[in-house]
Amino acid sequence: MSDTYLSAANLKKILFEIGTSLGVDNSDIDAKVDKVKKSEIIYLPIRHHSPGSTILVKKWIEKYEPKLILVEGPALADNLIKYMVERDTIPPIAILSLFADTNNTFGLNGILSPDKLVPAKFEAYYPFVSYSPELVALSEAIKKKIPIHFIDLPLTGLISCSSANLKDPSKKVDLFNIEGESIYNLSKFYKKFAQVFDFEDFNESWETLFEIGANKSDIDELRESMLLFCAFIRQTTDMKILKANSTLTRESYMKHNIETYKKKYKVKDKDILVITGGIHSIALPDTLPQSYPFPTKQLINSLVPYSYYRISQKSGYMSGNQAPQFYNSIWKKFTSQVEHPYSAVALEFITDIFKDARVKGNVVSISDSINSYQGAKMLAMLRRREEPDLKDVIDSIYMVLVKGNPEIEGKYLDSLIQEKSIGYKVGKVTKNIGRLPLQKDFYLQLEAHGIDPEEKVQQKIINLREEAESKLSQLFWKIKFLGIDYAHRLLGPDILKGDTGIFTEKWSLKWNPRIDAKLVELSTYGATLEEASKNMLVEETKKNVKNFGIITNLLFQSLSMGYTDHFKDLHKECLNSLEVDNQFLSLTEGFFNLIMIFQFMAMMGCSKDDMDLMEQLIQRSYYTCCFSIPNFANPPSGDEVKYIDAMKMLANTLISIQNIEIDLNVYIESINTCVENTSNEFIKGGTVGILYLLNYMKVKEIETLIYEYLNSIDSIKVKIGDLIRGLIYVCQAKLIFNQDIIRVLAKVVETIEWEVFSAILPPLRKAFSELHPTEYDIFVEKLAEHYGLIKRKHAELMDIVEEDVKNFFKIVDEKVKKIFEEWFGEV
Amino acid sequence: MEKKKVPQKSTTPKSFTKITPPASKNTSPSPPKKKPPTSKTTTTKKPTPALRKIPKISLGSNKKSSKTENEKIRFPAEELHKEELKALIQNDTYPKPPNWQLSPKMVELFITGSNEEFPLKVNGTQKKIKISTKFYGQRDLIQKSIVTLASERALMLIGEPGTAKSWLSEHLSAAISGTSTYLIQGTAGTTEDQIRYSWNYALLVSEGPSPESLVPSPTINAMREGRILRFEELTRCPQEIQDSMISILSEKVIPIAELGSEYLIFGIPGFNVVASANDRDRGVNEMSAALKRRFNFIYIPVIQDKSLERKIVLQRTNDLLTKIGFKIQIPEDTLDLLITVFQELRTGRSTSGGRFTPISTVMSTSEEISLLFDSAIYAKFFGKSEVQPKHVAMNLISAIVKDDKENLPKLREYFNMVARVRANKSDTWKEFANAFKKHATY
Ligand SMILES: Nc1ncnc2c1ncn2[C@@H]1O[C@H](COP(=O)(O)OP(=O)(O)O)[C@@H](O)[C@H]1O
Ligand SMILES: [Mg+2]
């Protein structure tokens, strides 16, 4: 093994050595490869997202001029091919396959969807970059007028052959990652190979063997080496895996298509070129053809823009690609016939990174660049690569620039490198491709309101009291609800927050190319914005039934979208949710939501009937909230403040509530129970505080309570800090300005021993730091007064302050009103 | 500092000025013809490391040193692995940087080890030689180190104590230069003389400054011969002393001002420096930017992987024991206990989730090795030739507390929170806990 570099050329000997050491039957491998080589039909192995494979495909088509090309890719998406290679389609792009099982064909509704009534939805992306061998095959074929087809199972076929496994929730089926290279890593052969050469992952191995130098390789030799490598991997991969991940099914289906197209085009075997992942190429000659039934009707195939970032993030159907920007640069060098493409890109990469590092204020010299470039080349050599790959380049950059622990001092380089290796490029899809119904509806609806959707940025002001304009508002709410990044509300009533002073909405509209991709994705929900949003509403309510807060919020959004006719459905969902939600926080959140919605139902066009229903719903949710309070007398530590906040908010709402009948005693009862049951002093203080605020408890009683603690043993005494904090947290100025309370607090501090005091100091400090600064000042003065240090009449002072504040707000109000009038006319 | 380079005469190779005769590039360097004055003169200021005779073959040995081979406690790596190095040299087909005895690929192989057997021819007979693993851990680190040494830059190994920085530096030098003994040990008291050169004062007085009265430093020797100079704990030296390395690294030349402005000692290709520094010392931050720029830094992380740590500790301890001819059993359980204790004390977290105050300062892999070695010796003389948990406990206390008395309470905390609990379930831990209680009496 003393060849300096690993390459396709010296691979054979090495592979057989490793094979022998593992006891693999080398003659068997030889026979397999031979079979592919001798096969009349030409099977060309590739790796997805691979400049080396792409150059092989391109040269192969040029040299051998096939008369029919068949490519691993979703059958039934052939209609997209001509748009994929159009001039104004710019990769990265993806074929998006979607399927919503409205008829429950696979019996997965309610298993993969939140409810039997909600269709299970499936999607798969098949991304393509400039250096995807499949894409280059497509464009070469179209250019040369050679018929070309996708031959792999479509999405519904994949679901069909995995549906049994999908039904079993214990089996995690990664349906759309079947080509994930992780399975290669399991191959015994590959493990050994990687170990011998100390390669980190499949990518590094493949790159060293088949990417670097691919531009200079003889294509027949390159093909043979790839076949050999893949044969070893296939031979040492567990058959069970290949079965489980549908590899075998897919191959027989591909073979079936090969036969079908062969007949259809009446071409000779030797004129057929079949381009698939190498692992399939080695098996296809021996595979028996078979066709499978699968639904085709609701299957949607479309083309969407994709991004380098997404490609690097998830590998999806095809194998991943960690650094699209980097490989794109390699591909460019390949096509412009640069002699040492990897070295050239390494040099550019290093100079770019170093320039950026310099711009960011790091001291980087020319000598660093030179050193790093040389370093990359030498590292490549040690790793048996003829030219440096991305890993060598990155290693040498850190080696030269980072003068310490790279995980700390090299941090700043991470983002620079990510930017240069992954990149941010987003692709584009030609406009000539027909729009899906949902896309059409989106544009038509907006145009019907006189809006040109594709205008870059625009603003729209809506008077909610105008019927026609409120329809537009509803449209925007639908768009927003569907998660389409187009309409953003800048201004308007915030009903759920009780912020309802105005009747005008201001929306900012901004189109971007991702919107079309999103609309395509959403197509499984329906053909119009209305249908899609209603279906999504159903799905969301089913999904979130255990969270009353979310359900009521959905009710609100539903009304904002104008679905008053839907009210009864959502009302029912709310009732369901009240049954199953047992969390105090989400219950109270839902209760507040309902109160707020109730006040605006009339304006939103709801019927009297519905409003009555709403009233009953509010009452029911009130009781449910109250009954759940004692269950949370001892909330998880760290969450106390959230619970007290919710209880206090509830109290505030109850006091201010007007036209709904509510029995306050239920609430008081619950709070009392909570006071008794809690062993958390902050909660105790807080709930006692609530009772005090509602006049159900007197200062005297609070005093007694505190003294009770003060006269207990130390282990109880130390809890006094939390108790006081709870009290102050809830009551604030309303309690601590009370002369009696001040007296008690002073007493606490005076009598308590030093050890106990140091234990209660943190909560006390916290309590007082939560006060408003002016409250705090006043408290200090009162305290000083208590000790006879100063004398002053605070009552007057308070009045003066309040008067001042009132005046101030009056002026502000006037100003705001003026501004609004200038903007929107008379309000 | 003025450095004027002497115009080169065609007969004198560029690496040497008047001082020494040429050394041919392709053969192993031969000693300078004119030996520097030896230390017979009692007035010599310092012992002169340069007096060491330069080894004839590139696998260096220190024949001249006063101790005989048998007396040496520890052999330098190039002697210890003489056969491995020879075999690698004989089988090396890769390109070599000038004056390297091995190609970078083979240097890597020497450090990481290999299962492949290399034929070695000695006196007409042939042997098969396996290459042992010297450094366990990421191969990347080794590769980057080697690449750096083949470049214009010097290599700085940084990391916590006991992460095998010195170990790596020794083995790299042995593999690349055939000698690992051109060494400067950095301390607060390191002087510029030790880095550059000093004088034989007797000669200096009687003859005045002359090439003969010059006492070269390891630096000068390494420069003349195109070898690797090791500079241990560089950052412990005062900054101005550190900075005297700047010109050496950038110009690869040392001017001898006392002999006239044209006296320059040049480094020939192959000369480079491996420095090491402890990143717990504040030193690394205080290194001047100019000096930092001359180095590529390679950070050697503490080993996190328990099974790897186990492997290193066992392997290295057995090496050491074999060397002194002892065979002592190290039971799995006891080894496991040792590794667990070290990992937990280092991080302040027990594997079962408990937390306590970590003792990170002295819990290095090398400390683990010496602890196990000490325990083994103890077992040999006072036990049944098998390391027992109690030996580990005793040595742990003395090893950790000797460094810093404040570690004892931390150790007790660990004992109470973790070890005692485990003692209920495991005999190994029970013995450990009992011994701990007995001995933790400081
Ligand atoms: N990763 C490792 N591989 C091999 N030996 C190691 C490793 N880590 C530590 N050691 C051993 O520990 C000791 C490290 O000591 P040393 O090189 O002096 O550390 P440092 O110079 O980093 O303080 C050596 O004896 C070495 O054998
Ligand atoms: Mg050291």
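Helices are DSSP runs of H or I with at least four residues, numbered from the N terminus. The model described here is predicted.

Chain A has 827 residues, and 54% of them count as buried. Its secondary structure comprises 39 helices and 10 strands. Along the principal axes, the C-alpha atoms of chain A fill a box of roughly 105 × 65 × 55 Å. Chain A exposes about 37,100 Å². Carbon and sulfur atoms supply 52% of that area. Contacts between residues at least 6 apart in sequence were also examined in chain A. Of these, 76% join residues at least 24 apart.

An open sheet in chain A is built from 3 strands in the order 4-3-7. The pairing is antiparallel. Strand 4 (121-128) and strand 7 (300-305) of chain A stand at the edges. Each has a single partner strand, so one side of each lacks a neighbour in the sheet. From one strand to the next, the twist averages 25°. Strand 3 (residues 93-100) of chain A is joined to strand 4 of chain A by 8 bridges. These two strands run antiparallel. A:Ala94 has A:Pro127, in strand 4 of chain A, as its bridge partner.

Helices also contact this sheet. Helix 6 (residues 155-167) of chain A packs on the sheet and touches strand 3 and strand 4 of chain A. The direction of helix 6 makes about 130° with that of strand 4 of chain A. Helix 23 (residues 514-522) of chain A lies across strand 3, strand 4 and strand 7 of chain A. Helix 23 runs at about 25° to strand 3 of chain A.

A:Tyr787, A:Leu789 and A:Ile790 make a nonpolar surface patch of about 310 Å². A:Tyr787 has a relative accessibility of 43% and therefore counts as partly exposed. The partly exposed class lies between the cut-offs for buried, under 20%, and exposed, over 50%.

In chain B, B:Gln242 lies in helix 9 (residues 239-251). B:Gln242 has a relative accessible area of 3%, so this residue is buried. Leaving aside residues up to four places away in sequence, B:Gln242 touches B:Leu234, B:Thr235, B:Cys237, B:Met287 and B:Leu291.

Conventions: Residues numbered from 1 in each chain as written. Chains lettered and ligands numbered in written order. Predicted model: local features only at pLDDT ≥ 70, side-chain atom pairs only at ≥ 80, totals over all residues. Heavy atoms only, no water. Pairing = 2+ DSSP bridges. Axes fitted to C-alpha atoms, helices over the stretch in contact; angles between N-to-C directions. Contact = heavy atoms within 4.5 Å. Patch = residues over 30% accessible without salt bridge, like charges linked within 9 Å, V, L, I, M, F, W, Y side chains within 5 Å. Areas by Shrake-Rupley, 256 points an atom, 1.4 Å probe, with all protein chains shown as cover. Salt bridge = Lys/Arg side-chain N within 4 Å of Asp/Glu carboxyl O. Buried < 20%, exposed > 50% of the residue type's maximum accessible area, 1.4 Å probe, protein only.
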